[in-house]
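Here is a short briefing to read alongside the model. Take a moment with the sequence and the fold, then follow the notes by topic.

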Amino acid sequence: IFPGVVMSLAVRVVRVLLVLAFSSAGTLKLLPSGVTAAADNMKKEFVAFSKVIPLGISIDPDWYRMGVGIIEVASALALLWGSPSVRSASSVILILAMVGAAYTHYALAQPAVFMVPALSLAILLVVHLAISTSKPEKTKGQ
């Protein structure tokens, strides 16, 4: 198998995993109360999350939760169906969202393990962005 084919396949697999992660997480944030216990728990968590937004910004927890959910779902769809430049932009948006999520857990003095999912997804997004935007090197004879 040619290296370019393997790299292309790897980028697509990572992209699909990211789409699944963000579309499911974003959808969970958009579900109304009472649909699932996870949605109810998410609603409670955003009450605390809304209290540690940087720069003293105050926002309603429900609007905050829905805004993050919309960003995650829209960015996941952009990763799946967008042009390369749109996929790059959505990756950057999601990286910023994950850094913000990690900061939120830190600001709430939660154990470091709470930051692992957000930071893991941020790292995966950075790797995806770097690989998907890099140009393959030309070898002699090309």
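Leaving aside residues up to four places away in sequence, S88 touches L129 and T133. S88 itself is found in helix α4. Keep in mind that this is a predicted model.

- Is S88 buried or exposed? S88 counts as buried because its relative accessibility is 19%, and the cut-off for buried is under 20%.
- Helix α4, where S88 is found, covers residues 84–107.
- The partners of S88 are L129 and T133, once residues up to four places away in sequence are set aside; helix α5 runs over 116–133.

**Overall fold**

- The protein has five helices and zero strands, and its pattern along the sequence reads α-α-α-α-α.
- Along the principal axes, the C-alpha trace spans about 60 × 30 × 25 Å.
- Buried residues make up 28% of the 142 residues of the protein.
- If you take contacts between residues at least 6 apart in sequence, 59% of them join residues at least 24 apart.

**Where α2 meets α3**

- Helix α2 (residues 37–49) and helix α3 (residues 61–81) have axes that come within 8 Å and cross at roughly 110 degrees.
- That crossing angle falls in the range of 65 to 115 degrees, so α2 is roughly perpendicular to α3.
- On the α2 side the contact is made by M42, K43, F46, V47 and F49, while α3 brings P61, D62, Y64, R65 and V68.
- Sorted by class, the contact of α2 with α3 has seven nonpolar residues, three charged ones and no polar ones.

**The largest pocket**

- How much volume does the largest pocket have? The volume of the largest pocket is about 710 Å³.
- Its lining counts 30 residues, and those nearest the centre of the largest pocket are K29, E72, A97, M98 and A101.
- Two or more lining residues come from each of α1 (3–30), α2, α3, α4 (84–107) and α5 (116–133).
- Which helix gives the largest share of the lining of the largest pocket? Helix α4 does, with eight residues.
- By class, the lining of the largest pocket has 22 nonpolar, five polar and three charged residues.

Terms used:
Residues numbered from 1 in each chain as written. Predicted model: local features only at pLDDT ≥ 70, side-chain atom pairs only at ≥ 80, totals over all residues. Heavy atoms only, no water. Axes fitted to C-alpha atoms, helices over the stretch in contact; angles between N-to-C directions. Helix = DSSP H or I, 4+ residues; strand = E, 2+ residues; numbered from the N terminus. Parallel < 35°, antiparallel > 145°, perpendicular 65-115°, else oblique. Contact = heavy atoms within 4.5 Å. Nonpolar A, V, L, I, M, F, W, Y, C, P; charged D, E, K, R; others polar. 1 Å grid on protein atoms, 1.4 Å probe; cavity = no way out; pocket = protein on both sides within 12 Å on 5 of 7 lines; lining within 4 Å. Points joined across faces, edges and corners; volume = space filled by probe spheres on them. Buried < 20%, exposed > 50% of the residue type's maximum accessible area, 1.4 Å probe, protein only.
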